[in-house]
Amino acid sequence: MITVYSPRIHNLGDFAHCLPALSGLYNMFQTEISFGICDRLQRFNGIKDLLLHQDMFGDVFFMSERPMVDNYIIVDDSGRDSDENINAMAAYRNVNFINDNYNLGIEIDNDFELKVPFFWELDYQHTKSIVGDRWSPSDAPDVDDRRKSNLLLDSGLFPSEKFFYLDYTDNLVYNCSLIKYNPNPLYTTFTGIGILSDLMDKETYILYDDDVVNWDNKPIEYSFNLHYIRNRKSKLRYLKSFNFE
């Protein structure tokens, strides 16, 4: 196996951008990856299980669980930007980091789709749409409080009689399966679960409010292109003027 470490990135969405890059690595060498990930990702229940459902991973562990081996590849999103514009900009930064640091010619896997199992016994909430709201600081103390939490719940547009809110303490495999096999779109905001939904090629509405219109002095479209694949089913919408399509 090829050993790859992602030692730094601890936010779920930012971390997920490495997957199309690592799928390209797997496609090039046709060798399973032993993958060490940041300890702080442990707060996402089931993340190792979710990764092990992907063909490219033969082994997944947290960095503190074993000593580093002598020969390895680091993946990180601090690589250069790309002129290509199919995948998320952050995904290209991951593949360019690997290529520039290890003299490899990996091509990003623009066809990568996150695999999740179907559970016959699971209630997929067919009469409701799934909502993936943003964690509040009470749920996760290190949430960036410059952005609104519980944005969709507080909007009043998504009453619980018609919408099913994800509980992020549940297993990620369970939540991703709910998203994938529920027949309706996912409604979310700029948070990690939306990026996983995009990687599953699920119809997804990314809703934003005034707090992120010019995030880091860049228009909201920049943030969308940074995190979402251009030729899939994710749509950017302003919450205050949102109408269900």
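This is a predicted model: local features need pLDDT of at least 70, side-chain atom pairs count only at pLDDT 80 or more; totals for chains, interfaces and linings use all residues.
1. Overall make-up. The protein chain contains 8 helices and 11 strands. Its radius of gyration is 18 Å, close to the 18 Å that the globule rule gives for 245 residues, so the chain is as compact as a globular protein of that length. Along the principal axes, the C-alpha trace spans about 55 × 45 × 35 Å.

2. Of the 245 residues in the protein chain, 53% are buried. The accessible surface comes to about 11,600 Å², and carbon and sulfur atoms hold 46% of that area. Among contacts with a separation of 6 or more, 70% are between residues 24 or more positions apart.

3. An open sheet is formed by 5 strands in the order 6-5-7-8-11, with parallel pairing. Strand 6 (163-165) and strand 11 (234-238) are the edge strands, each pairing on one side only. From one strand to the next, the twist averages 25°. Strands of a sheet pair through backbone hydrogen bonds, either parallel or antiparallel.

4. Strand 5 and its partners. Strand 5 pairs with strand 6 in the parallel sense over 3 bridges, and here isoleucine 130 stands opposite phenylalanine 164 of strand 6. Strand 5 is also joined to strand 7 by 3 bridges, the two running parallel. In that pairing glycine 132 stands opposite threonine 188 in strand 7.

5. The two sides of strand 5. Ser129 and Val131 point one way from the strand, whereas Ile130 and Gly132 point the other way. All four of these residues are buried. In a regular strand the side chains alternate between the two faces of the sheet.

6. Strands 7 and 8. Strand 7 (residues 186-188) pairs with strand 8 (residues 204-208) in the parallel sense, again over 3 bridges.

7. Helix 7. This helix, residues 192-199, lies across strand 5 (129-132), strand 7, strand 8 and strand 11. Helix 7 runs at about 150° to strand 7.

8. Helix 8. Which residues of helix 8 (residues 220-227) are buried? They are Ile220, Ser223, Phe224, Leu226 and His227. These residues sit on the same side of helix 8 because they cover an arc of only 160° around the axis. An α-helix has 3.6 residues a turn, so residues three or four places apart point the same way.

Note on methods:
Residues are numbered from 1 along each chain as its sequence is written. Side-chain values use heavy atoms; hydrogens and water are left out. Two strands pair if DSSP finds at least two bridges between them. Helices (H or I, at least four residues) and strands (E, at least two) are DSSP runs, numbered from the N terminus. Axes are lines fitted to C-alpha atoms, for helices over the stretch in contact, and angles run from 0 to 180 degrees between N-to-C directions. Contact means heavy atoms within 4.5 Å. Buried means under 20% relative accessible area, exposed over 50%, partly exposed in between (1.4 Å probe, protein chains only). The arc is that of the directions from the helix axis to the C-beta atoms. The radius of gyration is taken over C-alpha atoms; the globule rule is 2.2 Å times the number of residues to the power 0.38. Accessible areas come from the Shrake-Rupley method with a 1.4 Å probe; for residues, only the protein chains shown count as cover.
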